[in-house]
Amino acid sequence: MAITPDQLALFVGTLGVAILSPGPGVIAVSQAAFALGRRRALPYGWGLALGASVWCIFALLGLTVVFRALPWTYVALKILGGAYLVWIAFKMWRHAPDPLPDPAESSRGMGFLGGMMLNLSNPKPALFYSAVLLSIFPALLSAGDKLAIYATAVSVELAFYTALASLMALPWLRRRYYAAKFWIDRIAGLALGLLGLSLILRH
């Protein structure tokens with residue numbers, strides 16, 4: 001049974017709502033856009049998008065089955081992912097008093113690979129994609145169906161992070177960030193740290 005346009009539309013709507021909910025990617029790309037501007041934040045956002053979409057591939061290949069057969073793999077993923085988020089949060093907190101970075105210089109991991117690493121360390125997209133694929137689409141999917149689902153997922157992820165990075169890099173928003181950099185960085189670091197701790201403690 002082939003997937004239908006209605007199923008893809010429901011998938012897009014559900015994915016959009018999930019991405020809009022506050023999470024590590026939203027916090028990180030917003031902070032990158034504030035501090036570094038659109039040109040430097042876009043590759044970071046694209047890395048976040050591709051990192052999240054990798055979980056879609058894993059879900060299409062049966063990641064949920066692995067988690068159920070080997071529960072320790074899921075626990076290990078949550079602990080390692082949570083520890084990585086706490087590390088990123090610590091760096092944000094520690095560097096909050098620092099002056100604004102020069103966009104031409106190093107941006108402390110806020111590049112394409114840094115974005116990919118952040119979302120690959122977050123198991124929530126894996127659980128989301130696994131649950132949504134099971135609830136919306138038929139159990140047996142052809143290779144073409146899986147390709148269509150992945151293409152839809154990566155397109156939505158890329159569109160969202162591109163739009164968010166561009167929006168948060170608007171001059172008037174960056175001016176507000178400059179005026180309150182210390183507190184914005186501290187709040188962003190605290191939020192990321194709490195998300196990381198929740199992954200570690202709730203396993």
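This is a predicted model: local features need pLDDT of at least 70, side-chain atom pairs count only at pLDDT 80 or more; totals for chains, interfaces and linings use all residues.
Take the pairing of α2 with α8 to begin with. Helix α2 covers residues 24–36 and helix α8 covers residues 143–168; their axes come within 8 Å and cross at roughly 40 degrees. Angles under 35 degrees would count as roughly parallel, so α2 and α8 end up oblique to each other. The crossing itself is right-handed. On the α2 side, the residues that make the contact are Gly25, Val26, Val29, Ser30, Ala33 and Phe34, and they meet Phe160, Tyr161, Leu164, Ala165 and Met168 of α8. Sorted by class, that contact has nine nonpolar residues, two polar ones and no charged ones.

With a relative accessible area of 13%, Ala169 is buried. Its C-alpha lies 5.1 Å from that of Gly37, although Ala169 and Gly37 are 132 residues apart in sequence. Setting aside neighbours within four places in sequence, the contacts of Ala169 are Ala33, Gly37, Arg38 and Arg174. Ala33 also turns up among the α2 residues that meet α8.

The pairing of α3 with α7 is next. Here the axes of α3 (residues 38–60) and α7 (residues 124–136) come within 8 Å and cross at roughly 45 degrees, and these helices are therefore oblique to each other. This crossing, too, is right-handed. From α3 come Ala52, Trp55, Cys56, Ala59 and Leu60, which meet Pro125, Ala126, Tyr129, Ser130 and Leu133 in α7. The tally for this contact is nine nonpolar, one polar and no charged residues.

That leaves the aromatic rings, which form five pairs in the structure. In one of them, Phe11 and Phe137 have ring centres 5.6 Å apart and planes at 70 degrees, so the pair is edge-to-face. Phe11 belongs to helix α1 and Phe137 to the loop between α7 and α8, so this pair ties together distant parts of the chain, 126 residues apart. Phe11 and Phe137 are both buried. Another edge-to-face pair is Trp55 with Phe58, with centres 5.6 Å apart and planes at 75 degrees. Trp55 and Phe58 share helix α3, where three residues, about one turn, separate them. Trp55 is buried at a relative accessible area of 5%, whereas Phe58, at 36%, is partly exposed. Ring pairs also link Phe11, Tyr129 and Phe137 into a cluster, and Tyr129 is one of the α7 residues that meet α3.

Methods:
Residues are numbered from 1 along each chain as its sequence is written. Side-chain values use heavy atoms; hydrogens and water are left out. Axes are lines fitted to C-alpha atoms, for helices over the stretch in contact, and angles run from 0 to 180 degrees between N-to-C directions. Helices (H or I, at least four residues) and strands (E, at least two) are DSSP runs, numbered from the N terminus. Angles under 35 degrees count as roughly parallel, over 145 as roughly antiparallel, 65 to 115 as roughly perpendicular and the rest as oblique. A crossing is left-handed if the near helix is turned anticlockwise from the far one by less than a right angle, and right-handed if clockwise. Contact means heavy atoms within 4.5 Å. Ala, Val, Leu, Ile, Met, Phe, Trp, Tyr, Cys and Pro count as nonpolar, Asp, Glu, Lys and Arg as charged, and the others, Gly among them, as polar. Buried means under 20% relative accessible area, exposed over 50%, partly exposed in between (1.4 Å probe, protein chains only). Rings of Phe, Tyr and Trp (its six-membered ring) pair if their centres lie within 6.5 Å; planes under 30 degrees apart count as stacked, over 60 as edge-to-face and the rest as tilted.
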